Amino acid sequence: QVHLVESGGGLVQAGGSLRLSCAASGSIISIATMGWYRQAPGKERELVAAFSSGGGTNYADSVVGRFTISRDNAKNTMYLQMNRLTPEDTAVYYCNGLFKLPPMGDFVGVWGQGTLVTVSS
């Protein structure tokens, strides 16, 4: 079984920065994809940034040039560096991953519990 734990959320003023972390624990053969999503109050969950299965990255148009996704494969940890934050970035940020698990190599999707990011104006 795989668990994802996010950290790094909090309250920040507009224009500030935060760095989110997502640590994966458990027995994993490989990671197919991982990404960050967010859900603002009253809105649907949306993709923020993600690594594709081919190794590339995808970003929501609203965060291009401000957010950067990265990962440390040795630590099974993914990061989201968020700069020049605006009140519109206020949301619960979720980590998501698709993992290949032992012993049969089944692929399983996992969500973290979420971390709240609040940007004040």
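Colleague: Which handedness does the link of Cys22 and Cys95 have?

Modeller: First, this is a predicted model, where local features need pLDDT of at least 70, side-chain atom pairs count only at pLDDT 80 or more, and totals for chains, interfaces and linings use all residues. Residues are numbered from 1 along each chain as its sequence is written, and side-chain values use heavy atoms, with hydrogens and water left out. Cys22 and Cys95 form a disulfide, with S to S at 1.9 Å (a pair of cysteine sulfur atoms within 2.5 Å). The angle about the S-S bond is -70 degrees, and the link is left-handed.

Colleague: How many residues apart in sequence are the parts that this pair ties together?

Modeller: Strands here are DSSP runs (E, at least two residues), numbered from the N terminus. Cys22 belongs to strand 3 (residues 18-25) and Cys95 to strand 9 (residues 91-101), so the parts tied together are 73 residues apart in sequence.

Colleague: Is Cys22 buried or exposed?

Modeller: Buried means under 20% relative accessible area, exposed over 50%, and partly exposed in between, using a 1.4 Å probe and protein chains only. By that rule Cys95 is buried, and Cys22 is also buried.

Colleague: Which residue in strand 8 is the bridge partner of Thr68?

Modeller: Two strands pair if DSSP finds at least two bridges between them. Strand 7 (residues 67-72) and strand 8 run antiparallel, joined by six bridges. In strand 8, the partner of Thr68 is Gln81.

Colleague: Which residue stands opposite Ala23 in strand 8?

Modeller: Strand 8 also pairs with strand 3, antiparallel and over six bridges. Opposite Ala23 stands Thr77.

Technical notes
Helices (H or I, at least four residues) and strands (E, at least two) are DSSP runs, numbered from the N terminus.
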